[in-house]
Amino acid sequence: MKVVTGVVGNDIHVVANRLIDLSLRARGYEVYNLGVNTHLEEFFDAVVETGAEVLMISSLNGEAEGWGREVRLLKSRYKTLDDVVLMIGGNLVVGSGDPEEIVARYKNYGFDLVCHQVDLNTGLDMLQELVDQRFPA
Amino acid sequence: MSGADNRLLIDVGSTYFKLCTPDSIEQHFRDFNRDILEDLRNKCGDTLERFGKDEVYICSSANGGLSTLIIGVTQSFSLKYATNIAFNAGINIIDTILFQNIEEYSIPSDLIDVVIIVGGVDSHSGLFSPALYDYVGQLRYSNAVFVGSAQDAQQVSRNIDHLVVLPNVIDDRLHIVEEHLKDYLTNLYQQDIEGKEDIKNLYQITSNQIFSTPYIVNRALPHIESRVSVANPFILLDIGGATTDIHYSKDLVDENIVTENEYDRLVFKRLGVYKSRQSLVLAAQANEFVYELLMHLGATENIYNEDSDKATRILMQLAIFLVLYKMSPYGEAYISLKLLAINSIVLTGGITKVLTVEEIQTIIAFFYRKILSSDHNPVAVLDSNYDIWTLGTKV
Ligand code: B12
C-alpha cells in the first residue's frame with residue numbers, strides 16, 4: 001500500500017516527519033515523503049502521480065486550520081481522488097482546544113482520520129483499521 | 001581575448017545577426033528575401049574572407065527553435081518537470097495540458113515539432129485513457145515522446161504511432177530525472193537547425209558544429225564571472241526580436257526540482273521587440289501598471305503606434321518590466337523567482353545596443369517599488385560586447 005506524506009504549508013518541523021516515514025516503512029507501507037514545506041496541491045498531485053491509497057498530512061506549527069479549509073474545494077478539482085484515505089495529524093489548532101470538536105471540524109473539512117496531538121503509533125493503528133475496512137484483501 | 005585566438009563568431013537570430021571577431025563586433029538586420037549565407041556574404045563579405053572554415057563558429061536561434069506541447073497528469077510534478085527540461089533544452093512550449101481535463105483543450109493549429117507525454121512513477125500504471133489517443137490523433141506533429149511510467153509505455157506505444165519511449169522523468173522518490181529527455185530534445189533541436197536549408201548552407205563557411213544559441217548561453221553562465229562583473233545571484237535576460245529568454249540560478253526558486261544544473265532557462269514565446277512587437281504591445285496594454293510606467297518614462301499609449309527610435313526604446317523598457325512582472329508572484333509563469341534576492345540583472349542581446357544603463361535601471365527601480373513595494377535595487381549589467389555568448393562558444 002502506498003502512502004504520500006509530508007508537512008503542510010510553511011512548516012519546518014521535521015522530526016515527526018522523519019518518524020512517520022520510518023514507522024510507515026516498518027509497517028510495510030511504500031512511502032512517498034514530500035518532506036516539510038509542502039503545499040496542499042503538491043500533496044494531491046503526488047497522490048495522482050504515485051497512485052497512493054493514503055494521503056497523510058502533518059501540521060505542527062499551527063497552520064493546519066487554514067489549509068484544512070481548502071481541502072474540499074481543491075480535492076473536488078481532481079477526477080481520480082475519490083477513494084483516497086485522507087488523514088491529518090500533529091498540532092491541529094493554535095494552543096489547545098476541545099479534541100472532540102477539533103476532530104469533528106476536520107472531518108467536516110473532508111478528512112477521514114484526524115489525529116490532533118495523538119501519538120503516532122495510535123494514529124497508525126487507526127489507519128490500519130480503516131484501510132482494512134476500505135480495501136479488504 | 002588572447003592574440004592566438006583568431007575566431008569569427010556568428011549568431012543568427014530571428015531579426016538580426018551579429019559577428020564577433022577578436023577586435024570588432026558588427027550587427028546587421030537580416031534581409032528575409034535572401035538566404036542567410038547570401039545575406040551574410042553581402043553585408044560582411046570582407047570579414048568572412050579573413051577567416052578559415054575552422055575559425056568560424058556559428059550559433060542560431062533563428063525561427064525561435066523547436067516547439068513542444070506537453071501532456072502530463074499533474075502541475076507539480078509531470079508537467080513541471082517536463083517543462084523545466086524542455087526549456088533547458090532550448091525548446092519553446094506551445095502549451096501544457098493537464099491530462100484529466102484533456103477533453104476541454106482545443107487543438108493547436110500549428111505544426112508541433114514534438115509532443116511530450118508524461119505522468120506517473122514507474123510503480124503506478126493506468127494513468128492514461130483513450131482520451132489521450134483521441135487528442136493526439138487530432139494533432140499535427142513531427143515527433144512524439146513518452147517519458148512517463150514504464151508500466152504504461154507499452155500501452156501508450158500501441159496507440160500512438162512512432163512514439164519514442166524514454167526512461168521516466170520522475171523517479172521513485174518523485175524527483176526529476178533530466179538527462180534522457182534533455183538529450184533527446186537537444187538532439188532534435190540540433191537536427192532541426194542542421195536540417196534547415198538556410199543553415200545547411202552555412203556549413204560552406206564553417207567546419208565546426210552549429211549550435212543553438214540558448215545552449216551556448218546556458219553553457220557560459222557558470223563561468224560568467226570571468227567576463228562580466230556580476231554579483232550573485234543574478235538573472236540574465238535576452239530580449240530578442242521574437243522571444244525573451246531568461247536564465248536564472250537555481251537558488252532563486254523554491255522548488256521541488258532538484259537537479260545538478262546550476263542554471264535554468266525559461267522562455268516567453270511572444271515577447272520580443274520586432275517580430276513579436278504586436279503581442280508585446282498587447283501584453284503591455286493588459287498590464288495595469290504600464291500606464292503609470294509610460295507616464296514615468298514621459299510617454300503615452302500613442303507610442304505603441306509610432307515607428308521611431310524612441311518607440312523602440314520604450315518598447316524595450318516595457319519588455320524588461322513585463323518580464324520581471326511575469327517572473328514575480330503576480331505573473332503567470334510556471335515558477336516565480338525570489339526577485340528580492342537578486343543582486344544583478346544581466347542583459348544581453350540587441351537591447352544592450354539600444355538602451356543605456358540608466359534607462360534600464362529606472363525600469364528596475366520602478367518595478368521593485370511599484371510591484372514588490374521594496375527599495376531593493378539590483379544592478380543592471382550590460383553584456384554589450386556579447387562577452388557571454390563569446391564565452392559560451394569557447395567553453
Ligand atoms: C523543535 C521545535 C521547533 C524547531 C523545529 C526544528 C525542526 N526543523 O524540526 C524550531 C525552533 C525551528 C521551531 C520553530 C517554530 N516553532 Co516550534 N517547536 C518545536 C518543539 C519544541 C518540538 C517539536 C518536535 O520536534 N517534537 C518531537 C516530535 C517527534 O513530536 P511532534 O512534532 O509533536 O510530533 C508527534 C505527534 O504530534 C505526532 N504527529 C505529528 N504529525 C502527525 C501526523 C499524523 C497523521 C499522526 C497520526 C501523528 C502525527 O507524531 C509525533 C510523535 O508522536 C515544539 C514543542 C513541543 N514540545 O512539541 C514546538 C512547537 C511545535 N513550535 C511551535 C511554534 C509556534 C513554532 C514557531 C512558529 C515559533 C516562532 N514564533 O517562530 C516556529 C515555526 C517555524 C515554521 N516555519 O514552521 C508551537 C506550535 C503551536 C501550535 N501549533 O499551537 C509548538 C507546539 C511550541 C508551543 N508549545 O508553542 N520549533
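Predicted model: local features only at pLDDT ≥ 70, side-chain atom pairs only at ≥ 80, totals over all residues.
Residues are numbered from 1 along each chain as written, with chains lettered from A and ligands numbered from 1 in written order. Local features need pLDDT of at least 70, side-chain atom pairs need 80 or more, and totals for chains, interfaces and linings use all residues, while side-chain values use heavy atoms, without hydrogens or water.

**Cores**

Select B:Leu132 and B:Phe321. They have the most contacts inside the largest nonpolar core, which has 149 residues. A nonpolar core here is a set of buried Ala, Val, Leu, Ile, Met, Phe, Trp, Tyr and Cys residues joined through side-chain atoms within 4.5 Å; buried means under 20% relative accessible area, with a 1.4 Å probe and protein chains only.

Now show helix H10 of chain B, residues 309-327. It gives the most to this core, 13 residues. Helices are DSSP runs of H or I, at least four residues; strands are E runs of at least two; both are numbered from the N terminus.

Zoom in on B:Phe321. Beyond its neighbours within four places in sequence, its contacts (heavy atoms within 4.5 Å) include B:Phe289, B:Leu293, B:Phe366 and B:Ile371.

**Ligand**

Select the shell around the ligand: 27 residues, each with a heavy atom within 4 Å. A:Asn10, A:His13, A:Val14, A:Ser58 and A:Gly95 come nearest.

Check two polar contacts (N or O pairs within 3.5 Å). A polar side-chain atom of A:Ser58 is 2.8 Å from a ligand nitrogen. A backbone N or O atom of A:Leu120 is 3.4 Å from a ligand oxygen.

Conventions. Buried < 20%, exposed > 50% of the residue type's maximum accessible area, 1.4 Å probe, protein only. Polar contact = N/O pair within 3.5 Å; in protein donor to acceptor, adjacent residues only side chain to side chain.
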